[in-house]
Amino acid sequence: MTHRPENLLTVWADALLGALAQAGVRDVVVSPGSRSTPFLLAAARRDDLTLHPVIDERAASFYALGLARVTGAPPLLLCTSGTAPAHYYPAVIEASEAALPLVVLSADRPTELTGTGAPQTTDQRQLYGDHARAFVELGDADPTPRALRAMRSAAARAVETAVGPLPGPVQINARARKPLEPTAASSDEGRALEALAASLPPTSIGRRRLVRPELGAVCEALSASRRVAMVAGPLGLDAPRDAVLAVCETIGAALWAEAGSQLRFVDRSGLLVADAFDLWLRGPHEAAPDVILELGGTPTSAAYARWLDAAPPVRRFVLGGTRHRDPSGAAEAVLLGELDEIVTRLASVGAREPDPDFARATRAAERRAWDAVEAALTPDAEGAIVRAVIGALPTGALLGLGNSLPIRHADRFVPGGGDLRVITQRGVNGIDGWIAGLAGAAQADGGPGVWIVGDVTAAHDLSSLALAAQVKAPVALVVIDNGGGRIFEQLPIASRDLPDGAFDLFTTPPRVRFDLAAEAYGVRYAAAEDAESARAAVREALARLGVTLVHVKVAPSAASALEARLREALR
């Protein structure tokens, strides 16, 4: 070929999107822009890709994470050049820390324009630094057979890196030279290029798994103790519920399960359960284990973290997953790998009953904690509202818990049982884009669900109500409006002598008219003021298709007042 074929970019883009689809990409979340035109149209020409147009790149990126949390497959984010891919950065960080597969395809200007001051052009290479598992620079489109094969192989390997064994985000930078619009072959070179692309073999990727860890020390510790606790922090929807519950029963372990663990809202009949450990670990108790098996992400419970720092020596093992997680540095071992394989292998220690004193102490601590909760709750307390809303969910529904207070309210005030699936955003614990993420999860899931967020989280991502309006499944978006980030009232800054008005710099009261926001974005609206009215509003919302914003306005200091009553009751 002696010159650039007229259809080079069209064929190049088709080959790229074909390779990504063959490697496992199924959803393409795209934001508008000119430079991404050839790649967008290549995706649109494929029947095996579903397109999700989202105006705002930041919302698009969290929407994609929502898809990934439910499907487990790597969605593709596609945007134009310039600052557009920079808006993905917070979601890329979350994907990295939460081990979610994500592929970013950043369209770019031709190489010769980088660094020249050309419009909408900046250096997009290695844009996400160490937060990306890999960066792939495809370079300018090249019609040679070797270049086409290399490009498709690079795209497939990028997807392979995104899905594991350490899942996370990857960036592919794809340059495009005008004309960007699709062009049919009109020359011998163009027709030869199409024939070459059609003859390329399909791409595929393998599924790698982490090496199975050595569990000898764990099994030895289990064999030597009958005071064992299985502590479950946030886990994904694919968590091996049945395997974990079966092993707890076999080895006689107490199950300390947080709300986001997939092991809280499930039938645990016959198990020694300690859902209220965050509460009773605050004070004296006799339910301390000798061995801890910790699963999932770092537990949300601050009381658990403090107890680990102050407790007598305990043999603690962090099991499963793809990333090291031991903030205290006190774990005897962090053993990465497939959680289902690991917990199943623990059953080799044989059937055991828990130490009777340990079991009695655990049950007594649980009774005291839940009695204190009942004494502290009032009908208009945030904890009571969260409990009522979760109780309104049907079997198998999807529950989304926001940071910072909603997830803690679920941990402290909602006992386990039932059958719910839970998604959280605990990679870096941020409030960024959570409405968008929940919308993506609901779109992928298709079933009934409830999203519980605070007013600051809702205000931070208010424009994503446009995405919520597109959800067809019956969903209630419950916004607990307490006049700002009230978790700061439970932090040391609340006890400091601050200048007048300075505390608002932390709580940042949004003062949003959520009724008008819902109307502006085409989302149904309902108001509630206590647990009973919130439960009724959620049930009504779940009886209809689409999203209903359930606005629950409570007193600004309701959460801190509830925490004070709870501390007194625990005392």
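User: Leaving aside neighbours within four places in sequence, which residues is Trp 451 in contact with?

Analyst: This is a predicted model. Contact here takes heavy atoms within 4.5 Å. Leaving aside neighbours within four places in sequence, the partners of Trp 451 are Gly 400, Ile 435, Leu 438, Ala 439, Ala 442, Ala 468, Val 471, Val 475, Ala 476, Leu 477, Val 478 and Val 547.

User: How many residues does the largest nonpolar core have?

Analyst: Trp 451 and Leu 477 have the most contacts inside this core. A second, separate core has 45 residues, including Val 11 and Leu 180. The largest nonpolar core has 47 residues.

User: Which elements give two or more residues to the lining of the second largest pocket?

Analyst: The second largest pocket has a volume of about 300 Å³. Its lining has 13 residues, and among those nearest the centre are Ala 302, Arg 412 and Glu 563. The elements that give two or more residues are α10 (302-310), α14 (405-413) and α21 (558-570).

User: How many residues of that pocket's lining are charged?

Analyst: Arg 306 and Glu 563 are among the residues nearest the centre of the second largest pocket. The lining also holds 5 nonpolar residues and 1 polar one. The charged residues number 7.

User: Is α1 mostly covered or uncovered?

Analyst: Helix α1 (residues 8-22) reaches 21 Å from first C-alpha to last, close to the 21 Å expected. Just after α1, Gly 24 takes a positive phi of about 125°. Buried means under 20% relative accessible area. By that cut-off, 13 of the 15 residues of α1 are buried, so the helix is mostly covered.

Key. Residues numbered from 1 in each chain as written. Predicted model: local features only at pLDDT ≥ 70, side-chain atom pairs only at ≥ 80, totals over all residues. Heavy atoms only, no water. Core = buried A, V, L, I, M, F, W, Y, C linked by side-chain atoms within 4.5 Å. Buried < 20%, exposed > 50% of the residue type's maximum accessible area, 1.4 Å probe, protein only. 1 Å grid on protein atoms, 1.4 Å probe; cavity = no way out; pocket = protein on both sides within 12 Å on 5 of 7 lines; lining within 4 Å. Points joined across faces, edges and corners; volume = space filled by probe spheres on them. Helix = DSSP H or I, 4+ residues; strand = E, 2+ residues; numbered from the N terminus. Nonpolar A, V, L, I, M, F, W, Y, C, P; charged D, E, K, R; others polar. Expected span 1.5 Å × (residues − 1).
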